[in-house]
2 protein chains.
Amino acid sequence: MTSSGSRGLRSGGTVADLVASARELQPGAVARLISLVETDSPVLREVAVALAPHAGRAQVVGITGSPGVGKSTTISALSHAIRQQGRTVGVLSVDPSSPFTGGALLGDRIRMLEHATDQGVFVRSLASRGRLGGLSAAVPQALRVLDASGYDVVLIETVGAGQAELEIASLADTTLVVLAPGAGDGVQAAKAGILEIADVLVVNKADREGSATVARDLSRTQSYHSTSDGSWVAPIVQIVATDGGGIDELLAAADGHFAWLASTGSLAGRRRRRATAEVEAIVIDRVRARFASLTSSAALDAVAENVACGAMDPYSAADRLFPI
Amino acid sequence: MTSSGSRGLRSGGTVADLVASARELQPGAVARLISLVETDSPVLREVAVALAPHAGRAQVVGITGSPGVGKSTTISALSHAIRQQGRTVGVLSVDPSSPFTGGALLGDRIRMLEHATDQGVFVRSLASRGRLGGLSAAVPQALRVLDASGYDVVLIETVGAGQAELEIASLADTTLVVLAPGAGDGVQAAKAGILEIADVLVVNKADREGSATVARDLSRTQSYHSTSDGSWVAPIVQIVATDGGGIDELLAAADGHFAWLASTGSLAGRRRRRATAEVEAIVIDRVRARFASLTSSAALDAVAENVACGAMDPYSAADRLFPI
């Protein structure tokens, strides 16, 4: 194919070929597509159009929690349990705290190598790559690639870093919040508000001292909590991710929440929320790109100079540069 | 005054009165102004216009580093040293990792109570308050309040959380990166890239084992490093913030960098960079506000539904909803 639309594809083959291969869960094709949506490729739009009809089928599970609670181990165990049931799984790991070290989390991924030869499991880490402010549109678009490729379940992991948690929750059908005894301020921070985004509460390291206290504290808080969808009360599941203890129950709880969403009609609302978050991320990326392209422009320089010297307030400057 | 422009001012008095009081460093007035810019008050524009002519005079110092390296103690010691010289100081503490616990950092601030009765020191914590993605425009605008109020030096602290560091660096004249021996992955993470934003490297807890190693490792890296402004090589200053050891040297290093910026003409560039970051944050806040106001709209619902069911790709949806 020689159309200009295939610029950015490093070797031969069209976007349609790539999507077809991804839909056979060929890991190389899936990885290529994620790279294309991650890097603002010239074929981005073509990829988006090709993916759209296939999206919206995966069960999307977000997993969040403070550093050290065992998210990666939990994901590895969950992936294993999902595969045992004959379902396929894609894993997206997002590290919002590291704009510099793009590959930093890959070490964590090594423990998932037991799945390395299984085409029914795909794992990818995304770093924020130095963009200012929040996750970029790359995250929902990478999720979209995994969804459209046809993985039955997509797990998105993020480090418990506030805003990123909220963004992951806005993309997921079901959000698991993982806690562990002795993991610093995890439980306290969780109590302060993270319960609001939890559809399932997970107490990992349930064989350790203090886990009963964590679970009891959670259940006290839980009774005062209900989700915006109404009558769902987040169950508390105790696990020992390192040996797989409780993982089947956790998967059942996540599946139970998904079934509840579908049966109550709430799933459509969550999917619209995800679509809205996707579109908003794209618009914000465009604003950032516009500013980046302005950086060396005389127009911006003149306005910035006026703001810097006090001749213009920054809100008037925003009106001038970017009337919306 | 009865003009509609003063809506949002809880008690009597105009925005002009408030700015006049803030410029006498009356802490209540400064705090009120920050609250007004933080909460999207109806008088926000009026406040911005009133502040503009007074902004751009403060020396703005950003302070970042991993949790546990002693940023708060360093800021307290720096504030003390600045006051000893007869200069006034405003401190802004930003916690990007906690959208839920708005007042979480106030405990840390207690150690600054030695300054509580000194009108020459003002301290304020800002949380991100649940906004999705990055620091809001509230951060640069709160900085602007402190600047325009007339504090000689403004210190902005942020937890080392990647993106927030970059944003603080874009607002500051001088960025201090604080490290400490034994503070987890601090030094390693720092090596991975944070040196790029450091104008002064600070090794805190210099009385502890390992601090010489940290300093030596830094100096090795440092020799390969220069800033975008050219010939500045970030000095390495060892301190013991808890007893004030090295703090005078640290302040001298920060002042030295500021003088270098001024003498080389680089200060104007940094100030334009700050103005640009301010305006960009305002535009992005507006985009978010627009999406928030769309959330309950039929227009958004229809588009989101089309994206969710695969009838429209999200880029086309962005074109439709928000053509820019």
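Predicted model: local features only at pLDDT ≥ 70, side-chain atom pairs only at ≥ 80, totals over all residues.
A residue is buried if 20 or more other C-beta atoms lie within 10 Å of its own.

Figure 1. Of the contacts in chain A between residues at least 6 apart in sequence, 74% join residues at least 24 apart. The model has an ipTM of 0.83 and a pTM of 0.79.

**Figure 2. Confidence along chain A.** Mean pLDDT for chain A is 81, with 78% of its residues at 70 or more. Among the elements of this chain, helix H1 (residues 15–22) has the highest mean pLDDT, 96, and helix H5 (residues 106–109) has the lowest, 44.

**Figure 3. Two stretches of chain A with pLDDT under 50.** One covers residues 98–111 of chain A, where pLDDT stays under 50. For residues 98–111 the model has 31 contacts beyond four places in sequence.

**Figure 4. Crossing of helices H10 and H11 in chain A.** The axes of H10 (residues 247–264) and H11 (residues 266–294) of chain A come within 5 Å and cross at roughly 100 degrees. H10(A) is therefore roughly perpendicular to H11(A). On the H10(A) side, the residues shown are A:Leu261, A:Ala262 and A:Thr264; they meet A:Ser266, A:Leu267 and A:Arg270 of H11(A). By class, this contact of H10(A) with H11(A) has three nonpolar, two polar and one charged residues.

**Figure 5. Positive phi at B:Leu25.** B:Leu25 is a residue other than glycine with phi near 60 degrees. The residue sits in the loop between helix H1 (15–22) and helix H2 (27–38) of chain B. B:Leu25 has 18 other C-beta atoms within 10 Å and so is partly exposed.

**Figure 6. Positive phi at B:Lys205.** Phi of B:Lys205, a residue other than glycine, is near 60 degrees. B:Lys205 belongs to the loop that runs between strand S6 (200–203) and helix H9 (211–222) of chain B. B:Lys205 counts as buried because it has 24 C-beta neighbours inside 10 Å.

How values were computed. Residues numbered from 1 in each chain as written. Chains lettered and ligands numbered in written order. Axes fitted to C-alpha atoms, helices over the stretch in contact; angles between N-to-C directions. Helix = DSSP H or I, 4+ residues; strand = E, 2+ residues; numbered from the N terminus. Parallel < 35°, antiparallel > 145°, perpendicular 65-115°, else oblique. Contact = placed C-beta atoms within 7 Å. Nonpolar A, V, L, I, M, F, W, Y, C, P; charged D, E, K, R; others polar. Buried ≥ 20, exposed ≤ 12 C-beta atoms within 10 Å, placed from the backbone. pLDDT = per-residue confidence, 0-100.
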